[in-house]
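Here is a briefing on ligand surroundings and charged side-chain pairs. Please keep the model open while reading.

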Amino acid sequence: MNEYDSDKMSDVLLACAGMELTDKPEEADIILFNTCSIREKAEEKVFSDLGRARVLKQKNPGLLIGVGGCVASQEGDAIIKRAPYVDVVFGPQTLHRLPQLIEARRASGKPQVDISFPEIEKFDHVPATQTTHGTAYVSIIEGCSKYCTYCVVPFTRGEELSRPFADVMREVESLTAQGVGEITLLGQNVNAYRGETEDGDTVDFAFLLRAVAAHPGVQRLRFSTSHPCEMSQRLIDLYATTPKLASHLHLPVQSGSDRVLAAMKRGYTALEYKSIVRKLRAVRPNISITSDFIVGFPGETEADFEATMKLVEEVGFDDSFTYIFSARPGTPAAEMADDTPDEIKLARLHRLQARIAELEQQVSAAMSGSVQRVLVENISRKSELELAGRTENNRVVNFAGSPGMLGRYVDVRILSGSMHTLRGELVVQP
Ligand code: SAM
Ligand code: SF4
């Protein structure tokens with residue numbers, strides 16, 4: 001989501017006369033930080049990065065420094081108080097106002113702060129994505145209304161707001177016209193999508209998916225992230241009828257303990273989660289399931305953690321994200337009693353990570369010898385003749401090929417694989 005927002009920031013500014021991207025900070029007239037506040041560590045990083053930009057500003061007083069994203073949304077004016085050399089503070093829902101904010105900063109000489117949540121205005125003001133890659137993100141829903149007890153997202157990004165159906169389809173049309181074959185629909189909970197049509201009806205996520213998949217230019221379709229509570233049967237059934245849907249689903253579970261899941265206010269039990277996975281595998285046996293886990297949630301006991309380990313065995317997760325609980329100011333979980341020592345939390349994290357890494361390795365090893373349809377994404381940095389592509393289950397494969405294949409789908413036989421990167425060879429069509 002943040003990558004998508006960063007691209008939109010540069011799209012908005014590139015559309016203004018005179019702006020261009022540079023990867024040399026010392027040459028920049030404007031430096032923007034897109035920030036994350038999901039965990040404390042990510043948040044603290046912003047201020048150390050800002051310190052480095054300050055040094056550049058001392059050398060070049062005309063340099064403007066902006067802070068966007070969720071830290072900006074949470075802290076607002078406090079950023080200017082702590083770092084008075086910052087010129088512009090904007091939130092995830094006001095990034096389209098960057099040109100006006102920069103203009104106002106220049107005209108008034110005063111720092112500008114806008115962290116409001118103006119309805120869906122953002123989509124009407126960001127230019128259409130221009131891309132030369134074969135793959136692109138399309139944001140379909142902003143914000144989140146689930147209010148899991150540990151999470152800041154509903155506070156920093158606002159409540160769920162779906163993008164109108166026709167608007168999404170127009171972006172898909174524009175991307176496929178540029179040669180994009182792979183689309184990833186994006187949102188905190190994409191399956192909460194309830195988009196309005198031009199006739200004033202409301203359509204759900206399954207409807208949208210079917211419509212996007214039916215577009216002849218779309219060759220492969222992904223979406224991220226889904227909430228287990230909204231994995232409707234209609235959505236699961238699409239895996240049976242829609243071959244364009246990639247055989248990979250990121251479905252965050254967080255914990256295998258019902259007690260912890262209830263304290264997190266996730267709205268499902270471990271059994272309900274397993275039942276979703278069983279139904280998905282009934283229609284798509286080879287589907288790769290990845291997830292997010294939080295260990296050390298306040299009050300998590302050894303038995304709770306064992307329940308998570310048991311769920312990992314039962315489901316057989318592929319590559320997943322694992323985090324130690326981080327108390328976020330203003331969230332209910334930050335007030336809950338937490339008496340688990342940090343060393344125990346860390347030991348649990350390592351145990352979980354080690355088991356998931358083994359499972360991931362097993363999946364990679366089992367792919368050896370198979371032929372995978374791969375979207376060619378990059379030329380390898382090492383050699384012009386080496387390409388890197390992505391499989392359906394989100395693994396990078398390196399193989400020999402020509403740069404003309406960039407952005408296209410090719411068949412690659414997997415020769416060997418370690419964890420996340422595989423080696424392969426092109427399957428030459430007879
Ligand atoms: N909307 C998605 C969902 O419901 O799963 C993902 C949202 S969040 C940006 C990504 C992941 O960060 C979550 O799934 C969760 O595992 C983790 N996370 C969120 N808040 C956290 C916290 N306070 N401490 C540790 N991890 C957290
Ligand atoms: Fe945060 Fe995801 Fe829960 Fe929303 S559903 S509150 S984004 S973890």
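Predicted model: local features only at pLDDT ≥ 70, side-chain atom pairs only at ≥ 80, totals over all residues.

Residues are numbered from 1 along each chain as its sequence is written, chains are lettered from A and ligands numbered from 1 in the order in which they are written, and side-chain values use heavy atoms, without hydrogens and water.

**Ligand 1**

- Around ligand 1 there are 16 residues, and Y150, Q188, Q254, D292 and S326 come nearest. A residue is near a molecule if one of its heavy atoms lies within 4 Å of it.
- The shell splits into 7 nonpolar, 5 polar and 4 charged residues. Ala, Val, Leu, Ile, Met, Phe, Trp, Tyr, Cys and Pro count as nonpolar, Asp, Glu, Lys and Arg as charged, and the others, Gly among them, as polar.
- Strands β14 (292–295) and β15 (321–324) each supply at least two shell residues. Strands are DSSP runs of E with at least two residues, and helices are runs of H or I with at least four, numbered from the N terminus.
- A nitrogen atom of ligand 1 lies 3.0 Å from a backbone N or O atom of Y150.
- A polar backbone atom of Q188 is 2.8 Å from a nitrogen atom of the ligand.
- The side chain of D292 places an N or O atom 2.6 Å from an oxygen atom of ligand 1.
- Alone, ligand 1 exposes 560 Å², and the protein buries 90% of that. Accessible areas come from the Shrake-Rupley method with a 1.4 Å probe.

**Ligand 2**

- The surroundings of ligand 2 include C144, K146, Y147, C148, Y150 and C151. Also among them are H227 and R266.
- By class, this shell holds 7 nonpolar, 3 polar and 2 charged residues.

**Salt bridges**

- The structure holds 31 salt bridges. Each is a side-chain nitrogen of Lys or Arg within 4 Å of a carboxyl oxygen of Asp or Glu.
- K146 pairs with E160, with the closest N and O atoms 2.9 Å apart. The two residues are 14 residues apart in the chain.
- K146 also bridges to E230, at 2.7 Å between the closest N and O atoms. This pair is 84 residues apart.
- K146 is buried at 18% relative accessibility, and E230 is buried at 19%. E160 is partly exposed at 23%. Buried means under 20% relative accessible area, exposed over 50%, and partly exposed in between (1.4 Å probe, protein chains only).

Key. Polar contact = N/O pair within 3.5 Å; in protein donor to acceptor, adjacent residues only side chain to side chain.
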